[in-house]
Amino acid sequence: MMTGTAPLFVLDRCSFGYTATPVLVDISMDLDSGRFYGLLGPNGSGKTTLLDLLTGAAHPLAGRLTFHGREVGTYGKAALARLLAVVPQDLHISFDFTVYDVVMMGRHPFIPRFSPPSTADIDLVQAALAEMDISALQHRSVMHLSGGERQRVLVARALAQNTPVLLLDEPTASLDIRHTLDIMKILRRKVTETGITVIATIHDLDLASVFCDELIVLHAGSLYCHGPVAAVMTAPLIREVFAAEAVVFNDELLGKPRVQYRYA
Amino acid sequence: MTRQLTILSLLLLLLAGLVTVATGLGYLHIPVGQVLEIGWAHLTGTPPAADIDSRFPVIVTDIRLPRIIAATLVGGGLAVAGGVFQALLLNPLADPYTLGVSSGAAFGASLAIILSLFGIALPLSWTVPFFAFAGALATLVVVFSLASADSRFSSNTLILAGVIVAAILSAGIGFIKYMADEEVSIIIFWLMGSLVGKTWQEVLLVLTITLPCLLVIFYFARDLNIMALGEKTADSLGVESIKVRKLLLTVATLMTAGCVAISGIIGFIGLIVPHLLRLLVGADNRLLLPACFLAGAILLLAADTVTRALLPHEIPIGVLTALIGGPFFCYIFRKRQLGRGR
């Protein structure tokens, strides 16, 4: 795994859009390994599109985007799948695969064709199921799960993929508070203990402040700012980018800025 | 793993048993023991035992077996193609004809028949399969080029393109039927599907098309599973999903075209069999698709044996399968509607 000074992702004036409507304009930034990045921005600010560029699902129309020094588009899909796991917003599945089957699909890039999964593969899958608290659901069909259970299946599948980089699109969007905290704690722990890189879009500003190392804020398709949590998360930013009033105070116990909305 | 092997061997055993029994059934009844003896003698090249009626070996090897093998290949091929289309289009109600292949084949066959009626003397037994096959492939090319504006080949685009092309072709078939005037019955009989009088040449034709297609499909069975998660996620797991989708659509259509060319339009096998088996063995295509082949073969052979040997008059096999399949389709549709209402 690459460590040290070389950045993991380098974006150099990247732009993207669909038929004449620009979605992302001139994004330039470096992202380092071993950090937990929160990707913030109001609805429609281009968060999912930026994730698509990072995962290679879309390619910048202008500019350059490199991953480990190589343009993302030059990697083979199988090679990229061994380095980078993606959690989409939701899973639409029309067939009766079990939870175990879907999580085992995370091992697809590592299991040779026609081979059964090795014990190491099975162990990774069981560990991911346990971490997401869905071991008891493993023989259930994914078609009959609640939205929150389905989301945990998606995260478990990405954890089973066991890659050095993990990209998540609103991993906590339909979760209750307990499972939200569970996922954030697990991601935090993986970044701190195993040195993986996590980039996640998050709507809850307080949650992002507490768990992330750095924040990337998008506003109307442009990079508004990017930096350590303490430098980025301020009341003026919340007013300007999110059009909401909030108090930002320093939580001395956690050493992190906290966000409290004003509802009046 | 053992459960999967058990299911596959059970289906295989059932198919082998059915082939043996079906060979014995017919206008002349041949006991199962003698069928096996004749088969064994034929395989080893020894003359059959003296106590067997001298007509039986000819009936078994030259008349009944080609039709029976044709039924298993066509039934199996259509069922696997249906399973592939359902998996690729992420739609459990898709079937091998979703892209308009049946209309293309029907148009080709009708054209061959009308040409012969207008005095262009070609042997129908060759022109009909050839024109049907060419019609089906031409339809695929047109549907693909219509859908290619959408670089992702999404399921909705493909289904819509298939519907448009099929509608145009149906009008063409209608026109040909009108031109055929009193000879229209030949076209109608072909459209209803039949396995009457299939020869070893035709069996060989289907086999050379289906066998390579089946191998390609089984090779990509695991990728098909991953593609159920949607294209973006499949790509992020290392599957070249657009390439695999194009390849498998082509291969499944090729196989369908091969089946339709010798049998006419046989509906519902490609819809029911993958559906039923998904309920029985689950959604894993590595088990589902081989099981589809065996079950499709069993179903079509059973239906063909009923119409050939048990009914007083042969009714077209396409009509029989649609009569069983239609109500089943209604049942699934109704269940889905109710499921959505909850």
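**View 1. Where chain B meets chain A.** Here 21 residues of chain B are in contact with 19 residues of chain A, where contact means that the C-beta atoms of two residues, placed from the backbone, lie within 7 Å. Helix H9 (221-227) and helix H10 (231-236) of chain B each give at least two residues to the side that touches chain A. The largest share, four residues, comes from H10(B). Sorted by class, this side of chain B has eight nonpolar, seven polar and six charged residues; Ala, Val, Leu, Ile, Met, Phe, Trp, Tyr, Cys and Pro count as nonpolar, Asp, Glu, Lys and Arg as charged, and the others, Gly among them, as polar.

A word on reading these views: this is a predicted model, in which local features need pLDDT of at least 70 and side-chain atom pairs count only at pLDDT 80 or more, while totals for chains, interfaces and linings use all residues. Residues are numbered from 1 along each chain as its sequence is written, and chains are lettered from A and ligands numbered from 1 in the order in which they are written.

**View 2**

**View 3. Inside chain B.** Of its 342 residues, 47% count as buried, that is, with 20 or more other C-beta atoms, placed from the backbone, within 10 Å of their own. Among the contacts in chain B with a separation of 6 or more, 75% join residues 24 or more positions apart. The C-alpha atoms of chain B fill a box of roughly 65 × 60 × 40 Å along the principal axes.

How values were computed: Buried ≥ 20, exposed ≤ 12 C-beta atoms within 10 Å, placed from the backbone.
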